[in-house]
Amino acid sequence: MTDKAPVSRIPLTVLGTGAMGTALVRAWLAAGHPVTVWNRTPARAEALAAEGATVAPTAAAAVSANRLVIACLLDDASVGEALDGTDLAGRDLVNLTTGTPAQGRARAAWAEERGARFLDGGIMAVPPMIGEPDSGAYVFYSGSSALFEEHRDILAVPAGTRWAGEDAGFAALHDVALLSAMTGMFAGVLHAFALIRHEDIAPKDFAPLLSGWLTAMAPAVHKAAEQLEAGDYGLDVVSTLAMQVAGNATLLRTAEEQQVSSELLTPYMDLMERRLAGGHGEEDTTGVVELLDLRRGKDA
């Protein structure tokens with residue numbers, strides 16, 4: 001960003017006009033940015049052309065149109081294919097394509113070898129949240145801090161920004177870590193609904209109880225973080241691993257009585273039992289993390 005060009009007029013390029021790419025483009029257009037777009041299937045960019053975007057015939061043409069280039073494609077391989085043979089020298093490439101930490105680091109090196117600055121991003125939102133000020137949407141960014149600082153106002157137009165660090169893999173790592181926690185939560189939610197499904201309990205009446213309970217339990221992540229930082233899984237324990245393993249029997253028996261599969265619960269319960277068998281009954285369940293660390297061995 002320069003003093004001569006207000007943020008509302010700085011142009012940019014977006015590669016990929018799927019649901020997320022389209023939402024991003026619309027947010028930037030609404031904020032006054034000239035946007036050049038490219039999509040492998042040109043017809044999918046026609047609606048954006050009607051809204052003021054310039055449609056480039058090729059990815060190379062789209063990249064050459066602007067210094068700031070946003071990629072929001074299917075996967076990392078798609079990014080490589082789209083940018084193969086394009087001149088990236090002097091470009092600022094921001095990759096908002098979902099990927100892994102290793103892919104983010106490799107793509108950063110790949111871009112830098114071609115003369116581009118690079119940021120990887122992890123979008124913590126679904127398309128309807130993009131461009132909505134109070135939606136809570138934000139994007140993790142990692143890689144070139146200079147690029148981030150220069151363009152952070154533009155990047156903040158469609159969603160909030162959160163800096164994850166110079167390591168280009170950290171945006172994806174934060175993204176996937178949060179999504180992994182969400183996946184576990186949704187597994188528990190579905191198991192809970194399955195338990196009540198065939199009873200005279202309306203899911204819509206049960207949902208506020210479920211939401212409230214999960215909200216009440218959420219602060220436990222802070223205690224787990226303190227235990228991990230201290231390396232002490234016995235710190236401020238309220239319900240020991242031994243107590244929770246014993247309580248699992250009731251959860252499993254109830255599932256059996258309700259004729260509900262316990263397969264969403266048993267992998268975690270098996271880990272709890274293994275940790276207990278290793279002599280850690282007085283700890284918190286946070287210690288199960290040791291069994292997930294393949295660098296330390298499966299029976300840590």
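Valine 14 lies in strand β1 of this predicted model. Because its relative accessibility is 0%, below the 20% limit, valine 14 counts as buried. Along the chain, valine 14 and glycine 279 are 265 residues apart, and 54 Å separates their C-alpha atoms.

Strand β1 comprises residues 12-15 and runs parallel to strand β4, residues 68-71. Three bridges join these two strands. Within this pairing, leucine 15 is placed opposite alanine 71 of β4.

Both strands belong to an open sheet of eight strands with mixed pairing, in the order β3-β2-β1-β4-β5-β6-β7-β8. The edges of this sheet are formed by β3 (54-55) and β8 (160-165), each of which pairs on one side only.

A further feature is found on the surface, where Glu226, Glu229, Asp232 and Asp236 gather in a patch of negative charge. Of these residues, aspartate 232 is located in the loop that lies between α9 (220-230) and α10 (241-257). Aspartate 232 has a relative accessibility of 36%, so this residue counts as partly exposed, a class that spans the range between the 20% limit for buried and the 50% limit for exposed residues.

The two residues with stated accessibility are set out below.

| Residue | Relative accessibility | Class |
|---|---|---|
| Valine 14 | 0% | buried |
| Aspartate 232 | 36% | partly exposed |

In summary, valine 14 is a buried residue of strand β1, whereas aspartate 232 is partly exposed and takes part in the patch of negative charge on the surface.

Terms used
Residues are numbered from 1 along each chain as its sequence is written. This is a predicted model: local features need pLDDT of at least 70, side-chain atom pairs count only at pLDDT 80 or more; totals for chains, interfaces and linings use all residues. Side-chain values use heavy atoms; hydrogens and water are left out. Patches are made of residues with over 30% relative accessible area and no salt bridge: like charges are joined within 9 Å, nonpolar side chains (Val, Leu, Ile, Met, Phe, Trp, Tyr) within 5 Å. Accessible areas come from the Shrake-Rupley method with a 1.4 Å probe; for residues, only the protein chains shown count as cover. A salt bridge is a side-chain nitrogen of Lys or Arg within 4 Å of a carboxyl oxygen of Asp or Glu. Lys and Arg count as positive and Asp and Glu as negative; His and the chain ends are not counted. The place of a charge is taken as NZ of Lys, CZ of Arg, CG of Asp or CD of Glu. Helices (H or I, at least four residues) and strands (E, at least two) are DSSP runs, numbered from the N terminus. Buried means under 20% relative accessible area, exposed over 50%, partly exposed in between (1.4 Å probe, protein chains only). Two strands pair if DSSP finds at least two bridges between them.
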